[in-house]
Amino acid sequence: MYKPLLFSFLLLSFAARAQSVEFSKDRFGNDKDGLKAALRELKEGDQWYNSDPVRYEQALPHYLAAQKFNADNAELNLKIGDSYLHSGAKPQALPYLQKAYKLNPDVDPRIHYLLGRGLHLNAKWAEAIAEYKAAQLATTGKNPPVSLIDIRKKITECENGQKLAEHPSRVFIDNAGPSINSPYADYSPVISADESVILFTSRRDNSTGEQKDPETGGYFEDVFASTRTGAKDKWSAAHNLGQPVNTDGHDATVGLSPDGQRMLVYVEDNGGDLQEANLRGTEWRKPQKLGSRINTKYHESSAAYTPDGRSLFFVSDKEGGQGSRDIYKIEIEGRGPAQNLGPVINTPYGEEGVFLHPDGKTMYFSSEGHNSMGGYDIFKSMFENGKWSTPENLGWPINTPDDDVFFVISASGRHGYYSSVREDGLGSKDIYLITFLGPEKPPFLSQEDQLLASRAQPVKETSLAPPVPIATAQVTIMKGVVTDEATKQPLEATIDVIDNTRNEVIASFRANVQSGRYLVSLPSGVNYGIVVRQDGYLFHSENFDLPAGAAYSEVVKDIALKKLDVGVKVVLNNIFFDTGKATLRKESTNELERLQALFTEMPTLRLEISGHTDNVGKAEYNKDLSQRRAKAVVDYLVAKGVDKARLTSAGYGDTQPVSTNLTKAGRQLNRRTEFKVTGK
Amino acid sequence: MKTFLSSKVQFVLPALLLGSFAVQAQVDTVRASTLPPAQLAEKYYNSGVAKYNSKSYQAALQDFDKALAAKPDFVKAYYNRATTRYELKSYVPAVQDYDQAIRLEPASHTAYFGRGQAREALGQRDEAEQDYTKAAEVRADYAPAWYYRGALRFEKADYKAAQADFDQAIKADANYAYAYHDRASAERQQGNFQAAIQDYTKALNLQPELLPALLNRAATRRRAGDLKGALGDYNSYISKKSDNATAYTNRGGTRYELADYQGAAADFTKAIELNASYAFALNNRAAAYLKLKEYQKAADDATKALTLNPQYAEAHLNRGHAREMLRDADGACQDWHKAADLGLEVGTTYAANSGCGGE
């Protein structure tokens, strides 16, 4: 018994004390050429590794070449591990660091910290904590190799990771595929609210100018675009947006308006600034600076539009914030300074990659603070009752120990997009589609029992599962094409979004000049009037009364504007009466004022205002009610100064239906107020 | 009489034994030595009873016919012919014979009870309930009348009234295991789990071979949150009777609730081995496979359950979940919408949470 035990002990000792192999003639004297080449690679690697700032990614290929010659040098393994920790493939650092430690436990005073980093980045939470704690013990003296504050933060991150990984988020994470991704870095995706368009930044080889960045060695950034070709996540081959958006330098997209007509671009000028580009037809215009209220001498990076397009959330590391990069909000056309979102959102650590959901109240952003599991994690916060909610970590596996930044989400809340380095990638960072599966869906079981002793008939029961929360986005997307009714040609019409209750235009958008396409986001909780207008045409109005909490829906509404002509009829969808009465509700004010303005703009215009009902109830009653309602509109206009002679009123009851009376939707269309042009 | 009613019977054969009991209890053989010379009807009658007891029902029927031909007001012969016809599943003529027996002897609680049984067999549940009521009126300590009326009321989901009848049955016969059992079920349906567990226990004490009481006590314990107690009852049942697919299915459900998904799947598999067309077991195994992240197996099982019963809402719901995880989003949405159409409202929620949109 004694001898074998001793033998085992000696073996273990030998294994643990594996020797670091030097690049020396003594060791490799029989391969002088190989040694020479390896030393040359080492030297080149060291030049990058010892430069200021350190160029880890440039050093790495040289070190890996030397490693092929001699894989058992502790210092080289450490340098490879350290370089990987600062590359786009951080988890690959771990085996090199472990080997370095095995070859020589004293290879570097930071070794426990670096091992902690390698384990941490591989989500080996408990082992990482153990190494960080060992690093804490080794951190003594006046000039410790790693700061204690940093180590403590990393331990906290690992603890966060442990907790978050216990309850993974229910998601699918899929590579966006070769139509979008390339073997080079593809990142920072932005989408239109309906996911019909994706723009992203890529450092692929067909960049504008095809120049490489002398500092990092990669191709310059360019903005690329792709459009959805089918309902099933199929995308057209991405194309370079070309000039004027892309230049010979770095050009990165950081934000896109929900309708896909305005883009935010990051440029490196002035320490990092934000610009805005507009889509005209199919061509993006030259990006324009956003002005000194947004851009400072500091680093302004990512930004996002609010759904009404009137405000911007952006990231800056300017002085006076909570520390590092912070998120600010500013009214684009206003005069006031940008407002820091405050300590609920911003931390002493970095915040980045801000994105506003089209519901207008949910913000997604990345932060190194809060309960990050390492680097930047993506968080979500809701603006409710005048304040932001405590940011919620989107959890594992969306977030990882590495940086997770530039996340955007569709209006439906079903799909998110971000970039990540994963095993199934096409090379470097790729863009990934996250499909949110919503809350847990408990399965249902059945069982039966023979409850009566004298009966053979069993009684069925279903095991009841607990109620499931409903988690859909609370926004309606209205989109379509605006055309001329007669020529069918697209129109670059203006789409006004009106809060009928407050009688206020809350947003205005333009349809695309070439396609006539438009898209508006309507967060739930408002009675919306939508007015589509274009000079030379009669306006078109739609109504969306969306109660608070109304679930996500997407409404496609193509709108044909009519030119002013005798006999033309227009439905006034935003005129409301009390039930069964002819009393105009105050929510009608905006539409009535628009009608009033029409008379002012066209001095010879004459209209017949008519009321219509569905066929529910007695015909006589319906006719009388519709007549009184039409008259109420006329009386309003006359009271506002419109010449009585230019207006007539008529009540048609249910005699002129525009749809079936057999369905609820049809009856709703039939109940309407409309005008007919009787003179121009 | 109460020998039978104390339910020393095979649980699965109550109707058969009831019939036997009714004949034996009601009709004594008329002793030949006391018969006057020409008592032909009595002779046929006694012959009929003997043939009935040897289960020669058709021959017995002929004897009772002859007895009645010889003596048209022979009450016992009507009664026994009715009982014989009941055994032969000739329920309508059986009711007619009971009618005659009641006409000739209106205070016969057993004739009312027998007619109630025949009417129940004809699906005339209200009329049967009236007959049981009448039998109980005629003789308040006649436990079966209360018991069977309670069962009918239970089946109408009037559990409170059923419980009151089972109370009366127990009052009339303190050893009536079936009445304890069914009162437990009525209590269970009213959410009174502790009382139900006590009554199932009492039924088992009175009649240890009344094994369904073990299954029902298990189910009640499960509902009361005592999953380990439930598992113990299921284990006892299965140790005594290992060929019941329902027992395995219900034990599987308990294991599922204890998060023992492998154990649950094994039980559902056993149930399917015993009964390949048991849709519940297939659906439940699909649920266990969902928890085990074996989505293709889950989808396959739910599909089999739906082949057996296309209107099985729970199977649609579970298959929807499996299909979602198998990346068949359209198929998942169809299943959830179908589950909602079939009455499982949660299908609408599942569909909404997965962005299915409208139908």
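Where in chain A is P397(A) found?

Figure 1. P397(A) occupies the loop that runs between β19 (392-393) and β20 (408-409) of chain A. Helices (H or I, at least four residues) and strands (E, at least two) are DSSP runs, numbered from the N terminus. Residues are numbered from 1 along each chain as its sequence is written, and chains are lettered from A and ligands numbered from 1 in the order in which they are written. This is a predicted model, in which local features need pLDDT of at least 70 and side-chain atom pairs count only at pLDDT 80 or more, while totals for chains, interfaces and linings use all residues.

Figure 2. P53(A) belongs to the loop between α3 (32-49) and α4 (56-69) of chain A.

**Figure 3. Packing of helices α7 and α8 of chain A.** Helix α7 (residues 111-121) and helix α8 (residues 125-138) of chain A pack at about 160 degrees with axes 8 Å apart; axes are lines fitted to C-alpha atoms, for helices over the stretch in contact, and angles run from 0 to 180 degrees between N-to-C directions. The two helices are therefore roughly antiparallel (under 35 degrees counts as roughly parallel, over 145 as roughly antiparallel, 65 to 115 as roughly perpendicular and the rest as oblique). The crossing of α7(A) and α8(A) is left-handed, that is, the near helix is turned anticlockwise from the far one by less than a right angle, clockwise being right-handed. Residues making the contact include H112(A), Y113(A) and L115(A) of α7(A), and E127(A), A128(A) and E131(A) of α8(A); two residues are in contact if their C-beta atoms, placed from the backbone, lie within 7 Å. By class, the contact of α7(A) with α8(A) comprises 8 nonpolar, 3 polar and 2 charged residues (Ala, Val, Leu, Ile, Met, Phe, Trp, Tyr, Cys and Pro count as nonpolar, Asp, Glu, Lys and Arg as charged, and the others, Gly among them, as polar). In the loop between α7 and α8 of chain A lies A123(A), which has a positive phi of about 60 degrees although it is not a glycine.

**Figure 4. Packing of helices α12 and α13 of chain B.** The axes of helix α12 (residues 193-206) and helix α13 (residues 212-223) of chain B come within 9 Å and cross at roughly 160 degrees. This makes α12(B) roughly antiparallel to α13(B). Their crossing is left-handed. Among the residues in this contact are F193(B), A196(B) and I197(B) of α12(B), together with A213(B), L214(B) and N216(B) of α13(B). The contact of α12(B) with α13(B) divides into 8 nonpolar, 3 polar and 3 charged residues.

**Figure 5. The side of chain A that touches chain B.** Contacts link 28 residues of chain A with 37 residues of chain B. On chain A, β23 (445-449) and β24 (459-463) each supply at least two residues of this side, and β23(A) gives the most, with 5 residues. The side of chain A that touches chain B has 14 nonpolar, 9 polar and 5 charged residues.

**Figure 6. Residues 1-16 of chain A.** Over this stretch, pLDDT stays under 50 (pLDDT is the predictor's confidence in each residue, from 0 to 100). For residues 1-16 of chain A the model has 0 contacts beyond four places in sequence. The mean pLDDT of chain A is 90, and 94% of its residues reach 70 or more.
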